[in-house]
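The following briefing concerns a single protein chain and goes through its side-chain contacts, its overall make-up and its surface. Please read it alongside the sequence and the structure shown here.

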Amino acid sequence: MAHLSKVLISKMLMSFILISSIHLAVANAADAPKPKLTLEQRADKARIDSQRLEQAQLEKARQAAKETAEREDKIKQQSQTHDWEAQQKLKAQKQFDERESREQKYLREAKEAAAKERKIPKP
C-alpha cells in the first residue's frame with residue numbers, strides 16, 4: 001500500500017513538473033523581445049492603421065446613410081397612402097354633400113309647389 005502511494009505521488013510530481021516546464025516555455029516565448037521598429041516604420045504603420053480606420057468609418061457612414069434613406073422612403077410611401085385615403089374621404093364627403101343639397105332642393109321645390117294656390121280653369 002505504501003509503495004502504491006509512493007508511485008502515485010511520483011507520477012503526480014512528474015506531471016506537475018512537465019506541466020510547469022511547458023508553461024515556462026510558453027511564457028518565455030511570449031516574453032521574447034519584439035523587434036524594435038524605427039520611427040519611420042512606426043509612422044508608416046500608424047498611417048496604414050489610420051487609413052484602415054478611416055475606411056471602416058466611411059463604410060459605416062455609407063451604411064447608415066443608406067438605412068436612413070430606406071427608412072425615409074418607407075415613411076414617405078406610408079404617408080402617401082394616407083394622403084390617398086384622405087383624398088378619397090374628401091371626395092366621398094363632397095359627393096354626399098352634393099346629393100344632400102339636391103335632396104334639399106327637391107324638397108324645397110316640392111314645398112313651394114304645394115304652397116302655391118292653383119287656379120283650376122273652369123270648363
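**Salt bridges and the chain around them**

At a relative accessibility of 48%, R47 counts as partly exposed. This residue belongs to a predicted model, in which R47 forms a salt bridge with D44, their closest N and O atoms lying 2.6 Å apart.

Salt bridges
- The structure holds 4 salt bridges, among them the pair D44 and R47.
- D44, with 33% relative accessibility, is likewise classed as partly exposed, and because D44 and R47 are 3 residues apart in helix α2 (residues 39-115), about one helical turn separates them.
- E59 and R62 also meet through their side chains in a salt bridge, at 3.7 Å from N to O; these two residues are 3 residues apart in helix α2, which means a separation of about one helical turn.
- E59 itself is partly exposed, its relative accessible area being 45%.
- A further salt bridge links R108 and E112, whose closest N and O atoms are 3.8 Å apart, and the spacing here is 4 residues in helix α2, again about one helical turn.
- R108 is partly exposed at 44% relative accessibility, and E112 is also partly exposed, at 44%.

Overall make-up
- The chain contains 2 helices and 0 strands, and buried residues account for 0% of its 123 residues.

Surface
- The accessible surface of the chain amounts to about 12400 Å², with 60% of that belonging to carbon and sulfur atoms.
- A nonpolar surface patch is formed by L13, F16 and I17, which together have about 330 Å² of accessible area, and I17 lies in helix α1 (residues 2-30).

Definitions and conventions: Residues numbered from 1 in each chain as written. Predicted model: local features only at pLDDT ≥ 70, side-chain atom pairs only at ≥ 80, totals over all residues. Heavy atoms only, no water. Buried < 20%, exposed > 50% of the residue type's maximum accessible area, 1.4 Å probe, protein only. Areas by Shrake-Rupley, 256 points an atom, 1.4 Å probe, with all protein chains shown as cover. Patch = residues over 30% accessible without salt bridge, like charges linked within 9 Å, V, L, I, M, F, W, Y side chains within 5 Å.
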